[in-house]
Amino acid sequence: AICNYPCTRSRSCCSITLIYFGFIMALNFSNIDVLVVDADASMRGKIVKTLKIHNIRNVYEAFDGVSALELYKTRKPHVVITEHNIGEKNGEWLAQNIRSLGEDLKSVPIILVTGKTDNLSVQDVRNSGFSELLLAPFTVDALMRVVTYVVNNKREFVDSTEYKGPD
């Protein structure tokens with residue numbers, strides 16, 4: 001479905017998503033699998049519930065980096081949403097290990113969700129291999145906008161001497 005909304009982008013983003021007055025009006029995530037990683041069961045549950053309400057095909061859950069990596073290897077979800085503080089093997093460890101599994105997995109979208117921004121910069125997030133950053137607390141709309149963005153805008157992986165991560 002192509003909308004008549006004046007888009008400033010050169011690509012056709014409206015074939016999957018129609019955003020009207022700041023609300024996500026139409027989404028088709030029925031072929032998308034997502035892995036949600038958070039040590040906080042309550043927060044993890046809220047994210048999982050939101051994704052399921054928006055018809056994500058499969059939503060997998062993990063509470064730490066080690067179990068998340070094992071789940072990723074067996075299920076190969078299209079998107080990963082992780083908190084940074086998920087145990088000794090944190091979100092950064094998880095992102096780097098997913099990216100090291102193979103060339104075809106270097107561009108998988110990995111969204112960092114965190115409420116702790118004391119020593120965090122966008123550059124640090126990108127250099128750690130994350131595709132996007134979502135600051136908590138966040139709204140359902142904000143979560144779904146980020147998921148929509150990463151699904152519709154695949155980013156190549158850069159591997160140079162100065163930087164490794166999404167473009």
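In the predicted model, Val113 stands opposite Leu134 of strand β7. The two strands concerned, β6 and β7, run parallel and are joined by four bridges. Strand β7 comprises residues 132-135, and Leu133 has its place there. Leu133 counts as partly exposed because its relative accessibility is 27%, a value between the limits of 20% for buried and 50% for exposed residues. Although Leu133 and Leu112 are 21 residues apart in sequence, their C-alpha atoms are 4.9 Å apart in space.

Strand β6 covers residues 110-114, and five of its five residues are buried. In a regular strand, side chains alternate between the two faces of the sheet. In β6, Ile110, Leu112 and Thr114 lie on one side, while Ile111 and Val113 lie on the other. Both faces of the strand are covered, as the residues on each side are all buried. Strand β6 is also paired with β5: these two strands run parallel, with four bridges between them. Within this pairing, Ile81 has Ile111 of β6 as its bridge partner. Helix α3, which consists of residues 91-99, forms a right-handed β-α-β unit together with β5 and β6.

Helix α1 was examined next. This helix contains 13 residues, numbered 41-53. The buried residues of α1 are Arg44, Ile47, Val48, Thr50 and Leu51. These residues cover an arc of only 160° around the axis, which means that they lie on the same side of α1. An α-helix has 3.6 residues a turn, so residues three or four places apart point the same way. On the other side of α1, Lys46, Lys49 and Ile53 are exposed.

The buried residues of α1 pack against three strands and a helix: β3 (33-37), β4 (58-62), β5 (79-83) and α5 (140-152).

At the N-terminal end, the helix is capped by Asp40, a side-chain oxygen of which lies 2.9 Å from the backbone nitrogen of Ser42. After the helix comes Asn55, which has a positive phi, near 65°.

Arg44 belongs to helix α1. With a relative accessible area of 13%, Arg44 is buried, because this value is under the 20% limit. The side chain of Arg44 makes a polar contact, at 3.1 Å, with the side chain of Glu61. When neighbours within four places in sequence are left aside, Arg44 is in contact with Val36, Asp38, Ala39, Glu61, Ala62 and Phe63.

For the protein chain as a whole, the secondary structure comes to five helices and nine strands. Read along the sequence, these elements follow the pattern β-β-β-α-β-α-β-α-β-α-β-α-β-β. The chain has 167 residues, of which 40% count as buried. Among contacts with a separation of 6 or more, 61% are between residues 24 or more positions apart.

Definitions and conventions: Residues numbered from 1 in each chain as written. Predicted model: local features only at pLDDT ≥ 70, side-chain atom pairs only at ≥ 80, totals over all residues. Heavy atoms only, no water. Expected span 1.5 Å × (residues − 1). Buried < 20%, exposed > 50% of the residue type's maximum accessible area, 1.4 Å probe, protein only. Arc of directions from axis to C-beta. Contact = heavy atoms within 4.5 Å. Polar contact = N/O pair within 3.5 Å; in protein donor to acceptor, adjacent residues only side chain to side chain. Pairing = 2+ DSSP bridges. Right-handed = clockwise from strand over helix to strand, strands pointing away.
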